[in-house]
Amino acid sequence: MTIPNDAMDSTAHRELLGSGTFKFACHDGVPCFTRCCHNADMYLYPYDVVRMKQNLNMTSEEFLVAHTTTAIRDMPTFPNVMLKMSDLQGNPCTFLTEKGCTIYSDRPYSCRAYPLEPAIYGDADGSMHVQYYVMHHDYCKGHGEDKTWSAKSWMADQEMEAYLEPNNCWARIAGRLQSDSFRAQGIDANSPPMKMAFMASYNIDTFRRFVFESSFLSRYVVPQQQLNAVKEDDRELLMLGLSWIERFLFSDGPLEERA
């Protein structure tokens, strides 16, 4: 769920990085600057939406309507959320200008990671794994720069630490949603359980109202310190939402039900 696609008359390949290093730099001096910001088939993680909607001073619902599309891909009963490209020539990202990205400090995880692809995936049993790859698109000249990186140093440079916990939690859930177990029960993306799970992961402003204006707090144990945090902090709210999804859909995870 991390990379632009190959739809720009180009070829691409990726190589497993492991504990190795790669050379790369991206700046306005490279001739391909911003080309990867066109016609991207880019998945958004839930925390991407949190960061981007905050940057734009929008509600999560406003952001989803204006800047995303959904499609059923690797999760048969849950829609993947993708960043919507503009209708301008070459289908550039909505947030792209001649000088670069207008939301650069809160750009999506995939943009932040490129050309590194941290392939975060979860198994059906809830376990989580990460493998690091390096993407090579033939149009990208950043690989000809002299700066050398390991996966760890690149992720630190791109300030990706804040993304790790929510992305890992989401990958664990997504891995379980990739099975056909729900579809076998007659549940699809339009079924109430999946709509509720979508709300808790992507539409967190609505999820906040659900927490405080429904029977949520009478059904689940949320410590007061955590409750105080989710009132104001969208990241903490998202973490509660992901915990709730695990409890609601899979009957496990850290969130406890009241006796």
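Biologist: In this predicted model, what makes helix α1 roughly perpendicular to helix α2?

Modeller: The axes of α1 (residues 46–55) and α2 (residues 60–67) cross at roughly 95° and come within 9 Å. Angles of 65 to 115 degrees count as roughly perpendicular, so α1 is roughly perpendicular to α2.

Biologist: Which residues make the contact between α1 and α2?

Modeller: From α1 there are Val49, Met52 and Lys53, and from α2 there are Ser60, Phe63 and Leu64.

Biologist: Happy with that! Now, why are Glu117 and Arg14 called a salt bridge?

Modeller: Their side chains meet at 2.9 Å, N to O. The cut-off is 4 Å between a side-chain nitrogen of Lys or Arg and a carboxyl oxygen of Asp or Glu, so the pair qualifies. The structure holds 10 salt bridges.

Biologist: What parts of the chain does the pair link?

Modeller: Distant ones: Glu117 sits in strand β7 (residues 116–122) and Arg14 in strand β1 (residues 12–16), 103 residues apart.

Biologist: And how many cavities of 30 Å³ or more does a search of the whole structure find?

Modeller: The search finds one. The largest cavity has a volume of about 80 Å³. Among its 13 lining residues, Phe24, Cys26, Cys32, Cys36 and Cys140 are the closest to its centre.

Biologist: What makes up that lining by residue class?

Modeller: The lining divides into 10 nonpolar residues, two polar and one charged. Phe and Cys both count as nonpolar, so the five closest to the centre belong to the nonpolar group.

Note on methods:
Residues numbered from 1 in each chain as written. Predicted model: local features only at pLDDT ≥ 70, side-chain atom pairs only at ≥ 80, totals over all residues. Heavy atoms only, no water. 1 Å grid on protein atoms, 1.4 Å probe; cavity = no way out; pocket = protein on both sides within 12 Å on 5 of 7 lines; lining within 4 Å. Points joined across faces, edges and corners; volume = space filled by probe spheres on them. Axes fitted to C-alpha atoms, helices over the stretch in contact; angles between N-to-C directions. Helix = DSSP H or I, 4+ residues; strand = E, 2+ residues; numbered from the N terminus. Parallel < 35°, antiparallel > 145°, perpendicular 65-115°, else oblique. Contact = heavy atoms within 4.5 Å.
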